[in-house]
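Student: I would like to go through this model step by step. Can we start with the overall picture and then turn to local geometry?

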Amino acid sequence: MKFLVCISNVPDTTTKITFTPDNKEFNKAGVQFVINPWDEYALTRAIELKEAQGSGTVTVLNVGEADTEPNIRKALAIGADDAIRVNAAPKDAYFVAEQIAAIAKEGAYDVILMGKESIDYNGFQVHGMVGEMLGIPTVAPAMKLDMSANTATLEREIEGGKEIVEVNTPFVASCQQPMCEPRIPNMRGIMTARTKPLKVVEPVGEGARTSVAEYALPPKKQGVKLIPAESAGELIKLLRNEAKVI
């Protein structure tokens with residue numbers, strides 16, 4: 001069984017967000033990047049399934065520039081067998097999906113896993129695009145994944161409950177908790193990751209279909225106004241005229 005796990009390089013959740021002077025790009029200066037937390041579920045579950053089967057491979061795929069390689073090496077340290085980096089900035093969801101689909105088709109992977117979304121843009125788009133480009137099923141968002149030979153049983157979240165589906169390989173699935181407990185690298189994994197293959201390939205296709213017109217930070221939080229309990233009328237007036245919520 002060949003697993004392809006797609007990972008994104010995202011800012012740490014404690015990062016203070018700023019933009020370039022023209023407000024068209026995220027300012028990376030001084031930012032600590034991590035593996036997208038949702039992708040860690042996909043990576044760990046792929047490794048668990050490979051170990052349970054006693055055979056197979058787990059390949060990590062990242063669309064990004066050279067500065068993403070430390071986190072690719074971390075994924076290798078967690079337990080992936082090899083890695084591929086598409087040498088291009090992930091400009092939009094279609095472009096990223098196009099790169100994943102090309103790698104998946106060339107490598108004839110059985111299972112393509114990724115997080116349900118990246119925590120920086122929260123697009124929830126790539127998995128569906130990849131499935132459509134390859135003409136294979138997509139299950140999203142999956143909370144549980146088990147394999148028996150070439151058949152997968154997945155539990156996915158739906159409004160008001162859950163749905164259990166079966167699908168034959170090849171397929172795409174986006175992952176979220178509580179699929180597994182994400183692993184952290186141990187010392188042996190860190191040492192072996194240094195010698196695991198990391199292949200760099202150039203992007204395919206025509207490039208991004210969309211571009212950013214402008215980024216903007218949310219409005220700063222306003223000060224709190226305390227209204228005495230006996231002044232209900234003033235509170236209603238403020239909610240109607242200033243907050244405009246009634």
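The questions below run from the whole chain to single residues.

Student: How many helices and strands are there in the protein chain?
Tutor: This is a predicted model. Along its principal axes, the C-alpha trace spans about 70 × 45 × 40 Å. The secondary structure count for the chain is six helices and 11 strands.

Student: What percentage of the residues of the protein chain count as buried?
Tutor: Buried means under 20% relative accessible area. The chain has 246 residues. The share of them that counts as buried is 42%.

Student: Among contacts between residues at least 6 apart in sequence, what percentage join residues at least 24 apart?
Tutor: A contact here needs heavy atoms within 4.5 Å. Take the contacts in the chain between residues at least 6 apart in sequence. The share that joins residues at least 24 apart is 69%.

Student: Which residues does UniProt list for the domain "Electron transfer flavoprotein alpha/beta-subunit N-terminal"?
Tutor: The listing comes from an unreviewed UniProt entry. The UniProt record gives residues 23–210.

Student: Are H3 and H4 parallel, perpendicular or oblique to each other?
Tutor: H3 covers residues 93–107 and H4 covers residues 126–134. Their axes are 9 Å apart, at an angle of about 45°. Roughly parallel needs an angle under 35 degrees, and roughly perpendicular needs 65 to 115. H3 and H4 are therefore oblique.

Student: Is the crossing of H3 and H4 left-handed or right-handed?
Tutor: The contact involves residues of H3, including Tyr 94, Ile 100 and Lys 105, and residues of H4, including Met 129 and Leu 134. By class, this contact has 12 nonpolar, no polar and two charged residues. As for its hand, the crossing of H3 past H4 is right-handed.

Student: Which residues of H2 are buried?
Tutor: H2 runs over residues 69–78. Gly 79 follows H2, with a positive phi near 150°. The buried residues of H2 are Asn 71, Ile 72, Ala 75, Leu 76, Ala 77 and Ile 78.

Student: Why does Asn 71 count as buried, and which residues does Asn 71 touch?
Tutor: Asn 71 lies in H2. Its relative accessibility is 13%, so Asn 71 counts as buried. Leaving out residues up to four places away in sequence, Asn 71 touches Ile 7, Asn 9, Phe 33, Val 34 and Ile 35.

Student: How many Å apart in space are Lys 196 and Asp 81, C-alpha to C-alpha?
Tutor: Lys 196 sits in the loop between H5 (187–193) and E11. Beyond its neighbours within four places in sequence, Lys 196 is in contact with Arg 73, Leu 76, Gly 79, Ala 80 and Asp 81. Lys 196 and Asp 81 are 115 residues apart in sequence. In space, their C-alpha separation is 6.7 Å.

Student: Is Leu 226 buried or exposed?
Tutor: Leu 226 is in the loop between E11 (198–201) and H6 (232–241). From Leu 226 to Arg 183 the C-alpha distance is 46 Å, at 43 residues apart in sequence. The relative accessible area of Leu 226 is 76%, so Leu 226 is exposed.

Student: What is the phi of Asn 122, and what is the phi of Phe 124?
Tutor: Most residues other than glycine have a negative phi. Asn 122 is in the loop between E6 (111–115) and H4, and Phe 124 is found in the loop between E6 and H4. Asn 122 counts as partly exposed at 41% relative accessibility, and Phe 124 counts as partly exposed at 38%. Phi is positive, near 50° for Asn 122 and about 55° for Phe 124.

Key
Residues numbered from 1 in each chain as written. Predicted model: local features only at pLDDT ≥ 70, side-chain atom pairs only at ≥ 80, totals over all residues. Heavy atoms only, no water. Axes fitted to C-alpha atoms, helices over the stretch in contact; angles between N-to-C directions. Helix = DSSP H or I, 4+ residues; strand = E, 2+ residues; numbered from the N terminus. Parallel < 35°, antiparallel > 145°, perpendicular 65-115°, else oblique. Left-handed = near helix turned anticlockwise from the far one by under 90°. Nonpolar A, V, L, I, M, F, W, Y, C, P; charged D, E, K, R; others polar. UniProt positions renumbered as here; feature names shortened; annotations may be inferred. Buried < 20%, exposed > 50% of the residue type's maximum accessible area, 1.4 Å probe, protein only.
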